[in-house]
Every structure is written in structure tokens, then in C-alpha cells.
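Here are my notes on this one, written as numbered points. Have the sequence and the 3D view open while you read.

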Amino acid sequence: MAGHEIPEPKDRKQVADPRSEPRTVEEARPACDPAFRHGVVVGFDGSTSSERALAYAIGMAGRSGSGLIIVHVANRLPTTVWAGCEPPVFVDVPDHRTEVLGLELACADYLSDVPWVLVERGGDICHELEEVGREYSADAIVVGSTHGIVGRIFGSVAGRLARRAQRPVVVIP
């Protein structure tokens, strides 16, 4: 079958223009919903401090008449996969906590007064909260404070975010 060529289907649609320039990641990312532009970003992981931050952010979004962008930064577990004699491959395994949080939030009565969206990200919490804030042109980022010795030793998310963010950060005790 050498030299046999399969003809192109007549109804084939061109996906991309071969003469076009490649776009950057920011240009390729779909635009966010305009209803959530200039909204309030809140970091949420289901902890007590993040629940308090969520309650404050709901009130803040309700008073300003804006949307609420709830961000869960998922813990990605790096897993090494060995395939025969090939070198190891690192794979991100999602923690599925976002699905559980999404179901809990969807059933919550206290979120019925404001429009909200749940955004999942993976990576550094501070960077991802600021990135979502930038994407949505958020008016503020609301986070809960860290209690305990780990936050005092390594620095809290709230403290790091307050130092590096380009928009107001509200820290709820």
C-alpha cells in the first residue's frame, strides 16, 4: 500500500488559519463571564476561616451588587509513574475536593442572594488567587486568616497575598 493516499473529505472544515500568528496563553484563554467582572474573589477550602471569609465576601458582593468568584486551589499530588525502562513521569492527580465543595455550595441557601461561580486552580494559592483576581478585574480578594504554628513559621497565605497583590486584600480573622 505504499504510495496510497486517502482523499480529504469534501465537508472538512478548516480549524485554524495556517497563516495566523500563534497566540499567547492570555489571548487563548476564554474571556470570563461579564456578570462577574469587578466582582469579589474569595479563597475557599472548606475550613472554618475560609467559611468566615466566604460569609464576609457574600455580604461584600451583595452590598456592591457584584458577582462572587469562589476560588478553590486544589492540592495536586505529584505522582511518579514508571513505564518499563522509560524514565519516570510526574503526573498531577486532582484531589476531587473541588467537586465536593461545589456540591456543598450549590445546596447552600446563603448563596442564593448573589451570583457566584466556583473556579478550580492548581498551584500556589497566593499566585492563583491574584491571577483569578486579575482575570476577573476583581475589586477585592477576601481570605481567611491562618491560625496555628504552621502559618507562623512558614508565613500565612493572607500575609503573603497582602504583600504581593495588586488589588485590595481583606483578611478575615
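1. A contact, in these notes, means heavy atoms within 4.5 Å. By that criterion, residues 24 or more positions apart account for 70% of the chain's contacts with a separation of 6 or more.

2. Some ground rules before the details. This is a predicted model, where local features need pLDDT of at least 70 and side-chain atom pairs count only at pLDDT 80 or more, while totals for chains, interfaces and linings use all residues. Residues are numbered from 1 along each chain as its sequence is written, and side-chain values use heavy atoms, with hydrogens and water left out.

3. The inventory: the chain has 6 helices and 7 strands (DSSP runs numbered from the N terminus, H or I of at least four residues for helices, E of at least two for strands). Starting at the N terminus, the order is α-β-α-β-β-β-α-β-α-β-α-α-β. Of the 173 residues, 32% are buried, meaning under 20% relative accessible area with a 1.4 Å probe, protein chains only (exposed is over 50%, partly exposed in between). The accessible surface is about 11,700 Å², with 57% of it on carbon and sulfur atoms; areas come from the Shrake-Rupley method with a 1.4 Å probe, and for residues only the protein chains shown count as cover.

4. Now the sheet. It is open, built from 5 strands in the order β5-β2-β1-β6-β7, with parallel pairing (two strands pair if DSSP finds at least two bridges between them). At the edges sit β5 (116–122) and β7, each pairing on one side only. On average, neighbouring strands are turned by 25 degrees against each other, direction ignored; the axes are lines fitted to C-alpha atoms, for helices over the stretch in contact, and angles run from 0 to 180 degrees between N-to-C directions.

5. Have a look at β1. Its parallel pairing with β2 runs over 4 bridges, and the one with β6 over 3 bridges. V40 stands opposite L68 in β2 and has A140 as its bridge partner in β6, while V42 stands opposite I70 in β2. V40 and V42 point one way from β1, V41 and G43 the other, and all are buried.

6. Which strands does α2 lie across? They are β1, β2, β6 and β7, and the helix runs at about 150 degrees to β6. Helix α6 (residues 157–164) also packs on the sheet, touching β6 and β7, at about 160 degrees to the direction of β6. Together, β1, α2 and β2 make a right-handed β-α-β unit: with the strands pointing away from the viewer, the path from the first strand over the helix to the second runs clockwise.

7. Helix α2 (residues 48–64) has 17 residues and spans 25 Å from first to last C-alpha, close to the expected 24 Å (1.5 Å times one less than the number of residues). Its buried residues are S49, S50, A53, L54, A57, I58 and A61. An α-helix has 3.6 residues a turn, so residues three or four places apart point the same way. After α2 comes G65, with a positive phi near 70 degrees.

8. Is L68 buried or exposed? L68 is buried, with a relative accessible area of 0%. Leaving out residues up to four places away in sequence, L68 touches a list of residues including F36, V40, L54, A57, I58, A61 and W116. The C-alpha atoms of L68 and G39 are 5.6 Å apart, although 29 residues separate them along the chain.
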